[in-house]
Amino acid sequence: MRSYVEAAVTLPRLHKITSKILDGLANACLAAAGVMLVFLIAIFGWLVFGRYVLNNTPTWVEQASLVLVVYITCLGAAAGVRGNTHLSIDFVREGMPEPFRTIFRYVADLFVVAFGAFMTYQGWGLVMTNLERAIPMIGLSESWRAAPLVICGVLIVLFSMANIVSRLFANDANEGN
């Protein structure tokens, strides 16, 4: 049986490893979104070329771009939660005295966790109810449009929980000094 001291040494090491994995996952989200953005630009180039040069407009571009925009947005939003670069209004929280500021940071994180869980639940419902419907012009299931909500929701929950744990480790390190 390991002692408490060994466990205290192991937890920070596990936290560092987990943080590196989650940072890699957030970077993979941004890389995938970047590749999709390049593809989105390329297919719009094809749309313009087809319409004005070939006089034959590719009709699938509009629907494909709508699907790509959802993926790009959701993956970017999830990575923003991990990097704390998402939209936030914090002037009220930051204007409060320190004990309240810390409490409100945790409350905000818990709201983000709840939002991610709700997004996952509702997105899953959309995925399951749209399996049989096809997206016009591209023939994919409408579930492909809702899948990013599930992916993003899961990542938001995961990244927000990791941010809470990181803040706890930072507070424990500050209290030890």
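Which residue forms a salt bridge with D109, and how far apart are the closest N and O atoms? In this predicted model, the partner of D109 is R167, and the closest N and O atoms are 2.2 Å apart. D109 lies in helix α4 and R167 in helix α5 (residues 143–176), so the pair ties together parts that are 58 residues apart in sequence. The structure holds seven salt bridges, and the points below place several of them in context.

**Confidence of the model**
- The mean pLDDT of the protein chain is 89, and 91% of the residues reach at least 70.
- Among the elements of the chain, helix α2 (residues 60–82) has the highest mean pLDDT, at 95, whereas helix α3 (residues 91–94) has the lowest, at 80.
- Where pLDDT is low, the predicted coordinates should not be read in detail.

**Salt bridges around E94**
- E94 forms a salt bridge with R105, with an N to O distance of 3.1 Å.
- Because E94 belongs to helix α3 and R105 to helix α4 (residues 98–129), this pair ties together parts that are eleven residues apart in sequence.
- E94 also forms a salt bridge with R101, for which the closest N and O atoms are 4.0 Å apart.
- A network of salt bridges links R93, E94, E98, R101 and R105.
- E94 counts as partly exposed because its relative accessibility is 32%; R105 is likewise partly exposed, with a relative accessible area of 21%.

**Helix α4**
- The 32 residues of α4 should span 46 Å at 1.5 Å a residue, and the end C-alpha atoms are 47 Å apart, which agrees with that expectation.
- The buried residues of α4 are T102, Y106, D109, V113, G116, M119, T120, G123 and V127.
- An α-helix has 3.6 residues a turn, so residues three or four places apart point the same way.
- D109, the salt-bridge partner of R167, has a relative accessible area of 10% and is therefore buried, the cut-off being under 20%.

**Nonpolar surface patch**
- W46, V48, F49, Y52, V53, L54, W60 and M137 make a nonpolar surface patch of about 850 Å².
- Helix α1 (residues 4–52) gives the most to this patch, contributing four residues.
- W60, another member of the patch, lies in helix α2.
- With a relative accessibility of 32%, W60 counts as partly exposed.

Technical notes
Residues numbered from 1 in each chain as written. Predicted model: local features only at pLDDT ≥ 70, side-chain atom pairs only at ≥ 80, totals over all residues. Heavy atoms only, no water. pLDDT = per-residue confidence, 0-100. Helix = DSSP H or I, 4+ residues; strand = E, 2+ residues; numbered from the N terminus. Salt bridge = Lys/Arg side-chain N within 4 Å of Asp/Glu carboxyl O. Buried < 20%, exposed > 50% of the residue type's maximum accessible area, 1.4 Å probe, protein only. Expected span 1.5 Å × (residues − 1). Patch = residues over 30% accessible without salt bridge, like charges linked within 9 Å, V, L, I, M, F, W, Y side chains within 5 Å. Areas by Shrake-Rupley, 256 points an atom, 1.4 Å probe, with all protein chains shown as cover.
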